[in-house]
Amino acid sequence: MVIALAPLGSAMVEGWSRRDVELRSRLVFRSIRDQVAAGLVAPPGFDLAPFFERLSEDERILGLGFCTEAGTLRYATKQWPKAISCASLKRDRTDSFATVTDQGRRIHVSVFPIAAGPVTGHLLLLHDLAFADERARDARFYTMLSVIGVAAGLGLLALAMVLALQRSWVRSVRTMVADMRTGGVLDAAPSGDSPLGRELHGLLEELRVERTYAEGIHVEWSPKTLHRLLMEELPGAEVLVVSNREPYIHNRVDGAIALQRPASGLVSALEPVMRACGGTWIAHGSGSADRDTVDRNDRVPVPPGDPTYMLRRVWLSDEEQDGYYYGLANEGLWPLCHISFVRPIFREEDWRRYKAVNERFADAVVQEADRDDPIVLVQDYHFALLPRMIRARLPRATVITFWHIPWPNAETFSICPWREEIIDGLLGSTILGFHTRFHCNNFLEAADRFMESRIDREHASVTLGGHETMVRAYPISIEWPPSALEGQAPVADCRAAVIDRFGLPPDAHIAVGVERFDYTKGLLDRIHAVDDLLGTHPEWRGRFVYLQAASPTRSKLGAYSALQAETVRLAEQVNARHGSDDYTPVVLSIRHHEPTEVFEIFRAADLCIVSSLHDGMNLVAKEFVAARDDEQGVLVLSSFAGASRELSEALIVNPYDTRSMASAIDAALRMSTAEQRERMHLMRDMVRQRNVYRWAAQMLLDAARLRKRARILAGAA
Ligand code: F6P
């Protein structure tokens, strides 16, 4: 381009220069014409030559001369070029111009006709065109320079635009990738709506969904990402939850209605999920003021004050509750599934009630479902028969059943008189979830042993009567960040408050245990370990207290009331043995503790003891970790709680081994703050990543995949 523009520029300049010279020549001619004419007719002896010489002193005029009519050159100035003669020029009646080259020099010749009386001829005016050549050269140079300058400017501008565009692209792509990592929202395509942007957006979106399907662990699961997953993977899906325990209990206390959040791992896990997903939660209305707070369809929007989902209450008579809840569920299945050496009790009447209550909840599901294909999340051992009943009523429903307690080995399970019915009921589920792979395997084993079913161990599924149930491990967890941590005072203040409330020695090392009064939790074993610690390490006497916050539960049952009485008796014994008038080593707080108080207790503690004899997961362990945003405190955790698979930085203990549990408590009390921080940091990271939103998301993603597959198969058929 530069090469094309440069000659054009110089040609233009040369044209201007020539016109300029012609104009100049004309002006000169006009101004000297009369003098020259006068000179031509002057008397002999007058010479025009000196006049011409003077004029040629002008730096541009190279010479002047006069051509007679006969073609003779007269009065020519001294520097007259040899190449120019009158004969070589065209001499007309009009002005004419020519360019002549003399010794490599270009000369412009202007020829003007002139008449003075009888004398006629032509005045020749010569101009050196060297200045024009110089101008053309300059023009070429400046044209090139400006073209290069403009090109460079445009180039720089383009570069700046490309860099800015690239930076904004990189920023958008980074944001999208970060969103993808955290499972967040891919809001906009980079660079607006460009085809490339849309393409990249689409690819990242596909990648995000694939990754989410593949693992989900790197996604920062939150209510937002869970909600988004529902919108994207299960658009328009209706979510129903069924559990025995309700998330909000209304009780009448001194004539007024009081709200209670039950002490239930199931509730603490599912409630934040329902807050994120919306839908309807169907549960037993067990509060004394529950009936006063529902509408005519037995529904109440919750959470109170900021409702995001509907709670539908189902009323049970005392007989129903005795047979289904206390009887079959808690005297039969609970001890059957937990290895805690309490003999399961199976009564025919309880079984009958259990079946009937399951039917009632199946009816409630149908009543609450607005569509024929809802996603029903059936919770726990209270509803083993419900999945099959829902399948019979709503064949297109996706039933995800989660068994919150362990599943025993086939040998142990075989003692249940209704083992086939229970397995059959569960196999009405689309997906059946347990906390651990181990419990899944136990279930597959039982299905294999007691049912005419096909077991696919590679895909972990059971097919019965043409219906396939996926059996999967989904380790349950807690919300992150936990709402009970909101507004908590600094750890030192929590400690002061707890010391004050429970009358603990001001400088005591505090160990805590928080649970329902349940024989699976190993409460007695823990107090035995404290007894052992104070016996073998007397230096802790007066400097160590164990605070047990225990909520009464299922107190109607002999095993539970006996445990409570036994715990009180044992605590008194230990206190008598190691305590004094102003020192009580074991402090029991037997009442309901709301989640915020539980978190305050966790924050006040130097260590937390979770000594379950057998537990599906145990969320207390995870809550303790979540409460310690100061990264201090030690977790002593039973190897028989599912949580020990994930929280391996805890001090893992065998609760049946009293001496080693006492040693673990001693080690926890002596652990440096640096080591506490290291362990707590890793455990907090684990709970944050594997929070309850991830638990729900994994089940919902599996459900979404199965629903898509079913649609494809239906289409193909
Ligand atoms: O572990 C099973 C479970 O349902 C937990 O989710 C919960 O902590 C506990 O049992 C609740 O028991 P209940 O509802 O009988 O008080």
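The shell around the ligand draws on two domains, with at least three residues from each of domain 2 (233–473) and domain 3 (489–684). Domain bounds come from an automatic or database domain assignment. The model is predicted: local features need pLDDT of at least 70, side-chain atom pairs count only at pLDDT 80 or more, and totals for chains, interfaces and linings use all residues. Residues are numbered from 1 along each chain as its sequence is written, and side-chain values use heavy atoms, with hydrogens and water left out.

The shell consists of Arg-245, Ser-264, Gly-265, Leu-266, Tyr-325, Trp-334, Asp-380, His-404, Ile-405, Arg-516, Thr-553 and Arg-554. By class, four shell residues are nonpolar, four polar and four charged. Here Ala, Val, Leu, Ile, Met, Phe, Trp, Tyr, Cys and Pro count as nonpolar, Asp, Glu, Lys and Arg as charged, and the others, Gly among them, as polar. Helices H6 (265–277) and H8 (318–337) each supply at least two shell residues. Helices (H or I, at least four residues) and strands (E, at least two) are DSSP runs, numbered from the N terminus.

A side-chain N or O atom of Arg-245 is 2.9 Å from a ligand oxygen. For Arg-554, a polar side-chain atom lies 2.9 Å from a ligand oxygen. Leu-266 uses a backbone N or O atom, at 2.8 Å. The protein covers 91% of the 390 Å² of accessible area that the ligand has on its own. Accessible areas come from the Shrake-Rupley method with a 1.4 Å probe.

Strands S7 (residues 249–253) and S8 (residues 256–260) run antiparallel, joined by five bridges. Strands pair if DSSP finds at least two bridges between them. Arg-252 has Ile-257 as its bridge partner in S8. Two residues separate the strands of this hairpin, and Asp-254 in the turn has a positive phi of about 50 degrees.

Most residues other than glycine have a negative phi, and most peptide bonds are trans. Gln-103, not a glycine, also has a positive phi of about 50 degrees. The peptide bond from Val-302 to Pro-303 is cis, with omega near -10 degrees. Pro-303 lies in the loop between strands S10 (299–302) and S11 (309–314). The bond from Trp-480 to Pro-481 is cis too, with omega near -5 degrees.

Key: A residue is near a molecule or strand if one of its heavy atoms lies within 4 Å of it. A polar contact is a pair of N or O atoms within 3.5 Å; within protein, one must be able to donate a hydrogen and the other to accept it, and residues adjacent in sequence count only if both atoms are side-chain atoms.
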